[in-house]
Amino acid sequence: MSATAPQPDRTGRYQVALRWGDMDALGHLNQAVYHELLEEARIAMMQALATPAGGAFVLARVELNYRREIPLTYRHVEVTMEVLEVGRSSITAAQRIVRADGELAADGVSVLVAWDVQQRRSRPLSDSERAALEQFRAEQRPS
């Protein structure tokens, strides 16, 4: 996606550079690229959590509302991720894509399911994963 992947942090905010090839013939960000931006933020969040066993997760559901176009003139966007719920084996997160001018371009909800790479099926979240996710969630709350 971007030449430089977003750096993991604990804020749930990631700046992602846009590339020329992300644009379509209409001169704005191709609709499929919005999903790639959300994926980059999800990966950065999971890396920031430093969960054991690589923290393998699969995307079970994504809901995305396109609010504003992202024209060719924009060089980056900010993707935010907020953990809404931590379940037995899943995480529900709100995600937003915000243009460089501060306008909301897209928002939605993603559900990630913890994945057992050997058994090829869902698995319960470990206690350490749950603790890391709850800590991440707490750090996102306004003070």
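Which residue in β3 is the bridge partner of Arg13? The legends below begin with the answer.

This is a predicted model, in which local features need pLDDT of at least 70, side-chain atom pairs count only at pLDDT 80 or more, and totals for chains, interfaces and linings use all residues. Residues are numbered from 1 along each chain as its sequence is written, and side-chain values use heavy atoms, with hydrogens and water left out.

**View 1. Strand β3 pairs with β1 and with β4.** The partner of Arg13 is Thr80 in β3. Strands β1 (residues 13-17) and β3 (residues 76-86) run antiparallel and are joined by five bridges. Between β3 and β4 (residues 90-99), also antiparallel, there are nine bridges; here Glu78 has Val98 of β4 as its bridge partner. A hairpin of three residues leads from β3 to β4. Strands are DSSP runs of E with at least two residues, helices are runs of H or I with at least four, and both are numbered from the N terminus; two strands pair if DSSP finds at least two bridges between them.

**View 2. Helix α1 and its buried residues.** The 19 residues of α1 should span 27 Å at 1.5 Å a residue, and the end C-alpha atoms are 29 Å apart, which agrees. (The expected span is 1.5 Å times one less than the number of residues.) Among the buried residues of α1 are Val33, Tyr34, Leu37, Leu38 and Glu40. Their cover includes β1, β2, β3, β4, β5 (104-116) and α2 (127-140). Buried means under 20% relative accessible area, exposed over 50%, and partly exposed in between, with a 1.4 Å probe and protein chains only.

**View 3. The second largest pocket, with a volume of about 200 Å³.** Ten residues line this pocket, and the closest to its centre are Arg42, Ile43, Met46, Phe57 and Leu112. Two elements, α1 (31-49) and β2 (57-66), each give two or more residues to the lining, and α1 gives the most, with five. A pocket is an open set of points on a 1 Å grid over the protein atoms alone, where a 1.4 Å probe fits, with protein on both sides within 12 Å along at least five of seven lines; lining residues have an atom within 4 Å of a point. The volume is the space filled by probe spheres set on the points, which are joined across faces, edges and corners.

**View 4. Ala56 in the loop between α1 and β2.** Ala56 counts as buried because its relative accessibility is 18%. The C-alpha atoms of Ala56 and Asp116 are separated by 7.1 Å, although these residues are 60 residues apart along the chain.

Key. Contact = heavy atoms within 4.5 Å.
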